[in-house]
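The following paragraphs lead through one structure step by step. Please keep the sequence and the model in view while reading.

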Amino acid sequence: MTAKIEAQTSPAQPLSIIILAAGKGTRMRSALPKVLHEVGRRAMLHHVLALAQELEARECVVVIGPGMEEVAASARAYHPRVIIALQERQLGTGDAVRAALPVLGATDADILILFGDTPLISAKAIAQLRHARAGSAAIGVIGFRPADPGRYGRLVTRPENGALVLERIVEFAEASAEEREIGLCNSGIFLIEAGRAAELLSQITNANSKGEYYLTDIVEIALRQGLRTIAVEADVHEVLGVNSRADLAAAEAAFQARARVAALESGATLIAPDTVYFSADTSIESDVHIGPHVVFGPGVRVASGARIEAFSHIEGARIDAGARIGPFARLRSGAQIGAGVHVGNFVEVKNSALRAGAKANHLAYIGDADIGANANIGAGTITCNYDGFGKFETKIGAGAFIGSNSSLVAPVEIGAGAYVGSGSVITQSVPNDALAIGRGKQEIREGWAARFRERKMRETARKKGKE
Ligand code: UD1
Ligand code: MG
């Protein structure tokens, strides 16, 4: 959701952000790099970049591996000022941070490390971390308590004057049975005091069971130097780390739960919230009514007072005030639904504007069309916009009436106030206020059916007599 999350404090201390995105993510079993997998129809990496922007980071470095141009391009597409750093070999999270430090140079900014596979962390949680670290510790780490701590790293802590002093982070692979009992886990999100990162990271080794350079080791290194390190706790749903498809599904569920609450809080009615699916950029104004089983893909804005009825699938659409969509409607990219428009069951709209008050109540395909205000599109109307090679436009003037089951073969224009007779195939433009009929002429043959029946019955009787 676009609902702004207010940062609690905005300390004057500047911030540089490093996003780790170079991991292979082999457990995803995917051709797509892990951080480009989507939560709420937005790449996980873009969630984290959105946070970096919200935090007004001075610099934002994304660490990628060789051959991950797709990730670099995706990061730059989100924000052209993102700096890309290359981690030559995926030797662990500590090594990845080391790959980013040279591009930051000697900086007077605190360094915030975010993981590209941990997309749901809020600005508020980061503000709490900054607040807790400021002036009191060299390193702050966000911890959380999942129902099942699984293979997360564990935080070894002790309480001290209301704060949680962090003594060590132990990776699951290294943890003793006793340490695995610890419920407080490492989210991977670190805040390091300005000027300290390079020195701390220079001391990590790969002397562990995985042979990796663990970022988590800097906690013990700092402690040995007499520095203080602290942990703060965040909501478990914000720090789910995605290493597998099951984790991705769990992150999606957490995202949807949050988006549903945000929609309700912004004044929308959701009859069955658990059945409605949002995208990260869905924008819903107050007094929008959303029925059960509605799916919002990316790029949807719904204005106040609109009704989205059950089982509608909507993406890339702008829905203006008081419009009625569905049940069972499909709006695709470029659908612009004007104020008070009705789009009914089994109507598909793509790259088309329906101006205020227009109606397409049943069974229609409207593609590459401009439908004038208060026009009526009858059941079964098809804009034939594609000839197998190109796409063509249909224009329908204000107040026009398209009779049921008509095919409008684009490019074609129907004038304002014109009528199209039911069942027409319209290949030529229709002037304003004219009637166009393009169908086979009806013929009446009096008594034909009775004569036909009589003949058939006689033939049947003859056949039976011969048997
Ligand atoms: C890591 C933490 C673990 C924590 C968990 C939270 C370490 C050593 N472990 O484990 O304590 O509980 O996250 O989700 O830090 N990456 C690189 N280069 C690498 C390796 C990883 O850029 O060489 C990136 C990955 O793309 C990913 C992030 O760093 O975005 C975390 O790496 P991942 O392999 O997922 O670590 P976890 O095993 O989840
Ligand atoms: Mg991970």
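Helices (H or I, at least four residues) and strands (E, at least two) are DSSP runs, numbered from the N terminus. By this numbering, F346 lies in strand β23. The model is a predicted one, in which local features need pLDDT of at least 70 and side-chain atom pairs count only at pLDDT 80 or more, while totals for chains, interfaces and linings use all residues. Residues are numbered from 1 along each chain as its sequence is written, chains are lettered from A and ligands numbered from 1 in the order in which they are written, and side-chain values use heavy atoms, with hydrogens and water left out.

F346 also belongs to a nonpolar patch on the surface, which it forms with F311, F328 and L363. Together these residues have about 410 Å² of accessible area, a quantity that comes from the Shrake-Rupley method with a 1.4 Å probe, where for residues only the protein chains shown count as cover. Patches are made of residues with over 30% relative accessible area and no salt bridge; like charges are joined within 9 Å, and nonpolar side chains (Val, Leu, Ile, Met, Phe, Trp, Tyr) within 5 Å.

From the surface, the description turns to the interior. Buried means under 20% relative accessible area, exposed over 50%, and partly exposed in between (1.4 Å probe, protein chains only). A nonpolar core is a set of buried Ala, Val, Leu, Ile, Met, Phe, Trp, Tyr and Cys residues joined through side-chain atoms within 4.5 Å. The largest such core has 59 residues, and F296 and I337 have the most contacts inside it. Among the elements that give two or more residues to this core are α8 (245–265), β22 (335–337) and β23 (342–350); α8 gives the most, with 6 residues. Apart from this core lies another, of 38 residues, including I17, L45, L51 and V232.

With neighbours within four places in sequence left aside, I337 is in contact (heavy atoms within 4.5 Å) with residues including R318, D320, V343 and L354.

Two of these residues also pair with each other: the side chains of D320 and R318 meet in a salt bridge (3.0 Å, N to O). A salt bridge is a side-chain nitrogen of Lys or Arg within 4 Å of a carboxyl oxygen of Asp or Glu, and by this rule the count comes to 21. R318 is partly exposed, at 35% relative accessible area. Another salt bridge joins E309 and R307 (2.9 Å, N to O). Salt bridges that share partners link R158, E160, E167 and R228 into one network.

The model also holds a metal site. The magnesium ion (ligand 2) is coordinated by D117 (OD) and N243 (OD1), at 2.1 to 2.2 Å. D117 lies in the loop between β6 (110–115) and α4 (123–133), and N243 in the loop between β11 (229–233) and α8, so the pair ties together parts that are 126 residues apart in sequence. Donors are N, O and S atoms within 2.8 Å of the metal (3.2 Å for Na, K and Ca); water is not among the atoms, so sites may look incomplete. D117 counts as buried because its relative accessibility is 11%, whereas N243 is partly exposed, at 32%.

Two further residues complete the account. H46 lies in helix α1 (residues 44–54) and counts as buried, at 17% relative accessibility. Q428 is placed in the loop between β34 (425–426) and β35 (435–436) and counts as exposed, at 61%.
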